[in-house]
Number of protein chains: 2
Amino acid sequence: MTTPSLIEELVAALGADAVRSGDAIDARYQADWSGTAPVLPLALLRPASTEQVAAALRICHTHRVPVVPQGGMTGLAGGAVPQLDGVALSLERMNAIERVDAAAATITVQAGATLQAVQEAALAQGLLFGVDLGARGTCQIGGNLATNAGGNGVVQYGMAREQVLGLEVVLADGTVLPMLRPMLKNNTGYDLKHWFIGSEGTLGIITRAVLVLRPAPRARVSTLVALPDYASAIRLLRRLQARFPGALAAFELMWDDFFSTSLRWSQMASPLSQAYPFQVLAEVTGHVEADLAEALQNTLGEAMEDGSVLDAVVAQSQAQARALWRIREATAEFPTHLAPINFDISLPLDQIDAFAEECVQALTARWPTQRSFRFGHLGDGNLHLTTDARSLAGGISLAEAEHAVEEIVYGLLAQRGGSVSAEHGIGLHKKPYLHVSRTPAELAAMRAIKQALDPLNLLNPGKVFDLHPFATKATP
Amino acid sequence: MTTPSLIEELVAALGADAVRSGDAIDARYQADWSGTAPVLPLALLRPASTEQVAAALRICHTHRVPVVPQGGMTGLAGGAVPQLDGVALSLERMNAIERVDAAAATITVQAGATLQAVQEAALAQGLLFGVDLGARGTCQIGGNLATNAGGNGVVQYGMAREQVLGLEVVLADGTVLPMLRPMLKNNTGYDLKHWFIGSEGTLGIITRAVLVLRPAPRARVSTLVALPDYASAIRLLRRLQARFPGALAAFELMWDDFFSTSLRWSQMASPLSQAYPFQVLAEVTGHVEADLAEALQNTLGEAMEDGSVLDAVVAQSQAQARALWRIREATAEFPTHLAPINFDISLPLDQIDAFAEECVQALTARWPTQRSFRFGHLGDGNLHLTTDARSLAGGISLAEAEHAVEEIVYGLLAQRGGSVSAEHGIGLHKKPYLHVSRTPAELAAMRAIKQALDPLNLLNPGKVFDLHPFATKATP
């Protein structure tokens with residue numbers, strides 16, 4: 001009933017070019033990269049300023065119309081998929097890099113800037129932004145912050161949260177919180193910005209941010225290391241962190257099921273002399289490449305002497321380093337070779353291998369032909385397990401297979417107190433399993449906060465959790 | 001009216017030894033290090049477990065009695081000072097170091113453990129806890145987290161917040177939030193722990209924590225550097241961060257008013273050849289002391305060539321390093337030599353010197369005899385300005401002097417969007433000036449959250465802000 005008036009008011013406030021409806025809404029605003037079914041919203045809003053975002057939210061608030069914020073739509077959890085009875089609000093026109101302050105080592109950006117644009121603006125000043133992930137060219141910084149993105153830089157620089165000095169956020173009723181302060185230290189009441197980072201657009205819409213930059217390392221050296229067992233991988237992690245404090249930039253563990261499959265797909269010979277149970281791809285950063293490579297060789301040499309490392313290759317050029325990284329990046333080819341059922345799990349470090357093994361055994365017990373691949377950001381305690389749905393016997397559909405595998409994996413995870421989402425977020429996809437990783441008391445506290453900041457439940461409603469616990473599945 | 005029954009119920013739940021009242025409450029529970037007038041609470045509770053904390057809060061909740069949580073009482077903002085009509089709850093008996101997990105590089109502690117106990121337990125395993133401050137032997141980790149402590153380690157490791165993996169928190173009604181998960185990555189709904197860190201005990205009582213540890217650096221080298229101007233200090237900061245990424249452990253700027261006074265008090269000759277406008281005390285960490293000292297010498301040599309460094313001394317031994325640090329640590333002697341009015345301010349890095357200069361000029365215009373001392377953690381954007389109340393003419397009381405100086409300093413700070421509390425928190429002392437650093441919209445959001453998590457306003461009420469805006473001074 002309110003739609004015609006709503007659209008008219010939005011057009012009056014934002015301009016006709018910022019409001020689209022029906023067929024004018026391109027497919028890319030209707031779904032994200034998660035495979036969720038596309039949804040056509042009431043309207044797509046493309047505000048060009050914080051004031052327009054605030055105006056749009058005020059109008060939607062008056063009309064009691066839900067608003068789903070959208071970044072680059074690269075999410076893997078369905079968190080930015082629109083809803084039929086609401087508007088989608090894309091930040092894509094707010095894509096300015098407003099200021100790089102090299103002396104202060106900060107960058108001020110609008111939420112719709114792509115991650116890559118932020119990275120490049122920093123690099124132009126010899127500085128580095130600490131978040132990096134495969135979708136860098138498409139994902140937007142606002143989405144990275146709203147989901148507290150992880151990715152490649154976490155072991156060295158922390159999650160997206162740790163790169164944020166200040167935020168500008170618009171609340172459900174259009175109130176602007178102007179928290180764009182560039183100070184590292186600011187203990188003046190609750191540090192509100194942390195409430196919005198990782199809240200997946202359910203508490204406010206991030207419109208601008210002041211981010212920390214770091215000196216760009218002058219040298220990087222990569223190594224591929226073969227290990228006899230999982231405990232040796234943890235020992236190597238600590239050894240490298242002790243020898244290269246603050247300078248371990250990657251520590252990616254590949255079980256042999258992943259490693260040998262990746263080599264087969266790429267028809268590449270192993271850089272190592274034979275097959276091993278575990279491989280780690282590590283990278284350290286430093287000042288002078290030759291010194292760094294020598295220090296790395298020496299450290300690996302010590303580890304070989306005590307038997308905790310079986311073999312190692314240190315890249316002698318950037319071309320060799322890229323070749324090593326291609327082994328790990330075979331994950332991008334999963335959709336080509338498999339019907340992947342992906343997990344993004346974190347666990348206490350000492351439990352990851354036992355858990356991964358348990359999963360493989362339980363899946364094999366159910367489907368003797370199952371094929372799973374294990375790899376992860378071990379430095380961050382993050383396991384990515386992928387099961388090929390096509391390898392599961394019984395002619396079940398992909399959706400059925402996914403559900404059945406999730407039940408097994410998350411059932412085992414619940415027993416160990418692990419996280420169902422290390423870095424991808426909850427969105428719609430993991431909502432049924434949120435209770436695996438959060439107690440009822442925590443979920444009640446989240447709901448209380450949501451109700452305090454968005455009492456009408458208009459911001460990205462139904463994502464992460466349902467406001468009324470009765471609407472949530474009690475058990476998976 | 002409810003007191004007799006309240007005390008009886010508390011004794012029944014916690015045991016007689018955990019409940020004290022009247023004269024049995026030692027003076028140290030009645031005030032903190034801020035100089036706030038002591039207050040005798042209704043009762044002092046000393047629970048020995050999370051269950052007892054929860055039981056105490058349930059009982060106080062039933063009786064509608066306020067609860068003021070207490071750590072080591074070393075705070076400088078009055079945040080843990082009790083109130084007449086409430087109970088004080090000290091965490092001091094919950095002081096166990098529960099577990100150091102060297103492989104995972106984590107430590108699990110109870111809130112009442114002193115910072116020093118946490119540091120020592122980590123060091124015993126070759127690991128380092130990233131928070132350090134002068135009160136380390138007395139302050140408690142729960143208080144460090146509740147106030148998001150800063151201190152000496154911030155430039156290298158970040159604030160207390162960034163050392164936290166998991167927390168256990170008890171809410172006002174006695175609900176326990178068991179968020180003691182040790183994972184670095186865990187994007188499962190709102191990251192609730194961040195809501196409690198830095199909230200100064202107004203949203204929940206922290207009872208246990210899982211903290212990040214780092215490899216303890218094998219080598220540390222300190223240097224005292226003389227600089228021609230403030231811009232050169234920022235250039236040196238960036239130069240050292242670029243050359244020693246992640247390894248700059250301190251970058252303390254001393255204006256000459258502080259530096260020369262410190263030398264005079266200690267009757268120490270300057271390690272530098274003459275007087276300079278600015279001195280920086282910097283420390284870098286690394287692997288081999290000789291290599292580190294050489295790299296530092298070379299880097300300072302480059303800076304001397306371009307004129308941005310005028311003179312420098314690199315400590316050749318730990319004894320020399322300690323002598324350099326004693327210059328900076330003269331702050332501990334302020335109460336001996338001065339009637340100090342202390343500020344804990346942060347500003348965008350490029351504004352600190354201009355602001356500090358402005359303050360000195362405005363104070364001099366009002367009191368030509370005023371003496372102020374400027375120093376700070378420049379790497380963190382944190383300025384500590386101290387004015388000697390005795391240097392202010394006019395025979396005003398210390399309280400009057402403090403108020404008059406605060407009006408001038410915070411008035412100037414407001415124009416620059418600075419923070420009235422970089423690391424000490426708001427508590428009672430800075431409550432009248434919170435609005436300098438936070439907008440009405442932000443304060444309204446804070447109040448909404450306080451009401452959502454503590455609707456009866458029982459947890460540390462009246463600290464940080466008053467729940468009803470009408471009770472807050474509108475302007476300083």
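Tutor: Contact means that heavy atoms lie within 4.5 Å of each other. This is a predicted model, in which local features need pLDDT of at least 70 and side-chain atom pairs count only at pLDDT 80 or more, while totals for chains, interfaces and linings use all residues. Residues are numbered from 1 along each chain as its sequence is written, chains are lettered from A and ligands numbered from 1 in the order in which they are written, and side-chain values use heavy atoms, with hydrogens and water left out.

Student: Is Thr108(B) buried or exposed?

Tutor: Buried means under 20% relative accessible area, exposed over 50%, and partly exposed in between (1.4 Å probe, protein chains only). Thr108(B) has 15% relative accessibility, so it counts as buried.

Student: And Val81(B), is that buried or exposed?

Tutor: Val81(B) lies in the loop between strand E3 (67-70) and strand E4 (87-90) of chain B. Among the residues it touches are Gln30(B), Thr36(B), Val68(B) and Lys463(B). With a relative accessible area of 2%, Val81(B) is buried.

Student: How many Å apart in space are Val81(B) and Thr36(B), C-alpha to C-alpha?

Tutor: These two touch, although they are 45 residues apart in sequence. From C-alpha to C-alpha, the spacing of Val81(B) and Thr36(B) is 7.6 Å.

Student: What about Ala332(B): buried or exposed?

Tutor: Ala332(B) belongs to the loop between H10 and H11 of chain B. The relative accessible area of Ala332(B) is 62%, so Ala332(B) is exposed.

Student: How many residues of domain 5 of chain A are in contact with domain 1 of chain A?

Tutor: Domain bounds come from an automatic or database domain assignment, which gives domain 1 as 3-90 and domain 5 as 438-471 in chain A. The C-alpha centres of these two domains lie 21 Å apart. On the domain 1 side 14 residues take part, and on the domain 5 side six.

Student: Are H15(A) and H15(B) oblique or roughly parallel to each other?

Tutor: Axes are lines fitted to C-alpha atoms, for helices over the stretch in contact, and angles run from 0 to 180 degrees between N-to-C directions. Here the angle is about 140 degrees and the axes are 9 Å apart. Angles under 35 degrees count as roughly parallel, over 145 as roughly antiparallel, 65 to 115 as roughly perpendicular and the rest as oblique. H15(A) and H15(B) are therefore oblique.

Student: How many charged residues has the contact of H12(A) with H13(A)?

Tutor: Helix H12 (residues 352-366) and helix H13 (residues 398-416) of chain A pack at about 145 degrees, with axes 10 Å apart. Their contact includes Glu358(A) and Arg366(A) of H12(A) and Arg416(A) of H13(A). Beside eleven nonpolar residues and no polar ones, the charged residues number three.

Methods
Helix = DSSP H or I, 4+ residues; strand = E, 2+ residues; numbered from the N terminus. Nonpolar A, V, L, I, M, F, W, Y, C, P; charged D, E, K, R; others polar. Lists of a residue's contacts leave out its neighbours within four places in sequence.
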